[in-house]
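Welcome! Please take a moment with the sequence and the 3D view below, and then we will walk through them together.

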Amino acid sequence: MPIYSFACRSKRCGNTVDELMKYEEREGFMKHMRCAACGRGFKTKLTCHAKTASQWADSWQAGLSSNMYSAALGHGVSSRRHEERLMKQKGFIPESDLPAHYFEEQQEKNNKEAVKNEKQTKRYKAALSSGKTKEEAVVEAFPAKEMIDSSSS
Ligand SMILES: [Zn+2]
């Protein structure tokens with residue numbers, strides 16, 4: 001992946017950042033990231049020089065003092081990777097990291113739960129209408145074994 005250089009849109013600010021990314025990611029980067037110094041957006045820097053290993057190391061060092069602002073986190077980050085790491089620490093999971101069919105499986109789980117709840121409600125109502133007390137109906141509708149099974153699954 002190439003390294004792209006971006007400059008803060010404010011002429012007076014002069015902040016620049018270097019980011020390793022795909023060509024098609026530049027657009028999203030410029031929309032998403034804000035300059036940590038002044039809060040304005042970035043534009044692609046016109047003067048692009050080839051990065052040598054030592055220059056890359058320099059910019060990585062410089063990146064440790066955050067010079068871009070993550071809108072998602074609400075504070076400065078040193079790179080997109082830094083942002084991703086922080087997002088994960090805060091419990092945000094990028095959709096790309098979720099297992100395949102995650103949402104489908106969640107949906108199916110919810111459906112099963114709903115069917116079970118409906119059965120229990122029916123049993124409860126049936127027990128009540130057969131003249132049992134509410135306490136007896138609860139015991140009948142929500143058997144302890146089933147409760148334990150569902151909490152451990
Ligand atoms: Zn700036």
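In which strand does Thr 16 lie? Thr 16 belongs to strand 2; here helices (H or I, at least four residues) and strands (E, at least two) are DSSP runs, numbered from the N terminus. Before we go on, please note that this is a predicted model, in which local features need pLDDT of at least 70 and side-chain atom pairs count only at pLDDT 80 or more, while totals for chains, interfaces and linings use all residues. Residues are numbered from 1 along each chain as its sequence is written.

Let us stay with Thr 16 for a moment. Thr 16 counts as partly exposed because it has 17 C-beta neighbours inside 10 Å. The cut-offs work like this: a residue is buried if 20 or more other C-beta atoms lie within 10 Å of its own, exposed if 12 or fewer, and partly exposed in between, with C-beta atoms placed from the backbone. If we set aside the neighbours within four places in sequence, Thr 16 is in contact with Ser 5, Phe 6, Ala 7 and Lys 45; contact means that the C-beta atoms of two residues, placed from the backbone, lie within 7 Å. Lys 45 is 29 residues away from Thr 16 along the chain, yet 8.1 Å separates their C-alpha atoms.

Now look at the sheet around this residue. It is an open sheet of three strands in the order 2-1-4, paired in the antiparallel sense; two strands pair if DSSP finds at least two bridges between them. At its edges are strand 2 (16–20) and strand 4 (42–44), each pairing on one side only. From one strand to the next, the twist averages 35 degrees. Strands of a sheet pair through backbone hydrogen bonds, either parallel or antiparallel.

In strand 1, Tyr 4, Phe 6 and Cys 8 make up the covered face, whereas Ile 3, Ser 5 and Ala 7 make up the uncovered one.

There is another open sheet of three strands, with the order 3-5-6 and antiparallel pairing. Its edge strands are strand 3 (33–35) and strand 6 (75–77), and the twist averages 50 degrees from one strand to the next. Strand 5 (residues 68–70) is joined to strand 6 by three bridges, with Tyr 69 opposite Gly 76.

Next, turn to the helices. The axes of helix 4 (residues 102–129) and helix 5 (residues 134–141) come within 8 Å and cross at roughly 145 degrees; axes are lines fitted to C-alpha atoms, for helices over the stretch in contact, and angles run from 0 to 180 degrees between N-to-C directions. Among the residues that meet are Tyr 124 and Leu 128 in helix 4, and Ala 137 and Val 138 in helix 5.

Finally, step back to the whole protein. It has six helices and six strands, following the pattern β-β-α-β-β-α-β-β-α-α-α-α along the sequence. Of its 153 residues, 11% are buried.
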